[in-house]
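Subject: Handover of a structure and its findings

Dear colleague,

Please find the structure below, together with its sequence. I would be grateful if you read the notes with the model open beside them.

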Amino acid sequence: MNSVKGSSRDGPVLVTGGAGYIGTHIGAALMKAGHRIVILDNFSNSTPLAVDRLNSLGLGCAELVEGDVHDEALLDRVFSADRFSGVIHLAGVKAVGESVAEPIRYYDINVGGALSLVAAMVRHQISRLIFSSTATVYGDPAKLPVAEDASLQPEHPYGRSKLMIEQMLQDVAAAQPWMRIMSLRYFNPVGAHPSGRIGEDPKGIPNNLFPYIAQTAVGVRDEVRVFGDDWPTPDGTGIRDYLHVMDVAEGHVAALTHLIDGGGKSGRNLAVNLGSGHGTSVLEVIRAFREATGREIPYRILGRRPGDVAAYWADPTYAERLFGWTAKLSMAEICRDHWNWQSANPDGYK
Ligand code: UFG
């Protein structure tokens, strides 16, 4: 194979899972910042319509490759076609309950997929990798806010698969000191692009709070189910660190810029929180959504959801020190943009 080797400053960025919720927003932020992007997605939990929408925002045209990160020959073809400036790896599965029922599938897709990708990067000497990790690697944190040096005790196969990938990348970074690897631990990304053209389109009944609230507000669901009002929190409902998906996307642009400018040389896989630093309870989110949209959000208190924890939010100061990123958008802006997307697209991309 006539392989193109090595990273460049100006080459395209490969975004695996780039047709998904977070991926399309990262694509928008990257193109706005002047990057070319190539999306690799197998559409297992996404649709090519999302890429069409992304490409209609007037920011540029993402190249789309349909396929799977397990496909070594495909990765070789993609990496041979250009000198990539970096890779953002989002492709994977992410439903906590499903991971308990199907651990082998979770480890195969998440850990196996990341292994195949990083092996191809080593073959093609592509140095910069940003991995989509999660705050769930911390489990039920002993101390708040949660900083990167907190103990890592994920409580389900999904969380453990993400931690395993972080650890694997740590070993690769140590063995391949020319590589620049960073894992970004997302807290709870919510909201949508301010255009209302791209957003979260969960298949079936949403697991997560924000899409459930938005579908209730638009009339697709009858009422929000609040999982427990007997948690040890001020109003008894669970507290999370919600941050606007465009802030998450800007975090990736800032992290990639840092790596391109020579950061991340330590031979370590740097793990960095992306959170707002603020905790918001379920009832506070429902209230904020109602205030931002003027819609009634009926809700009913149910028992606790198995596997949930009471409260956690990020210490986001390392990201600010390392690459100058902080979450800028408020809960009111989050609710406005999420509603903007949901009300314009009550059935998602369909
Ligand atoms: N909640 C409800 N009703 C719902 C859904 C959620 O009351 O219909 C509550 C939950 O009990 C929790 C809060 O809203 O207190 C947030 O729940 P989400 O399901 O929206 O988010 P989680 O914090 O449980 O998990 C999310 C992702 C995980 C990821 C984690 C990282 O789903 O994949 O954030 O922080 F690992």
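This is a predicted model: local features need pLDDT of at least 70, side-chain atom pairs count only at pLDDT 80 or more; totals for chains, interfaces and linings use all residues.

Residues are numbered from 1 along each chain as its sequence is written, and side-chain values use heavy atoms, with hydrogens and water left out.

Domains. The chain is assigned domain 1 (13–191 + 241–275) and domain 2 (209–240 + 278–319 + 330–344); these bounds come from an automatic or database domain assignment. Their C-alpha centres are 25 Å apart. Domain 1 brings 24 residues to the contact and domain 2 brings 22 residues, where contact means heavy atoms within 4.5 Å.

Ligand. Around the ligand there are 20 residues, of which N208, R225, R240, D308 and Y312 come nearest; a residue counts as near if one of its heavy atoms lies within 4 Å. Strand β8 (residues 224–227) gives the most, with three residues; strands are DSSP runs of E with at least two residues, and helices are runs of H or I with at least four, numbered from the N terminus. An oxygen atom of the ligand lies 2.9 Å from a polar backbone atom of F227. For polar side-chain atoms, the distance to a ligand oxygen atom is 2.7 Å from N208 and 2.5 Å from D308. The ligand taken alone exposes 680 Å², and the protein buries 91% of that (areas by the Shrake-Rupley method with a 1.4 Å probe).

Aromatic pair. The whole structure holds seven aromatic pairs, meaning Phe, Tyr or Trp rings (for Trp, the six-membered ring) with centres within 6.5 Å; planes under 30 degrees apart count as stacked, over 60 as edge-to-face and the rest as tilted. One of them, F187 with Y312, is edge-to-face, at 6.0 Å centre to centre and 65° between the planes. These two residues are 125 residues apart in the chain.

Serine 276. S276 sits in the loop between β11 (269–274) and β12 (280–281). Its side chain reaches the backbone nitrogen of H278 at 3.0 Å. Beyond neighbours within four places in sequence, S276 is in contact with D241, Y242, L243, P316 and A327.

Conventions. A polar contact is a pair of N or O atoms within 3.5 Å; within protein, one must be able to donate a hydrogen and the other to accept it, and residues adjacent in sequence count only if both atoms are side-chain atoms.
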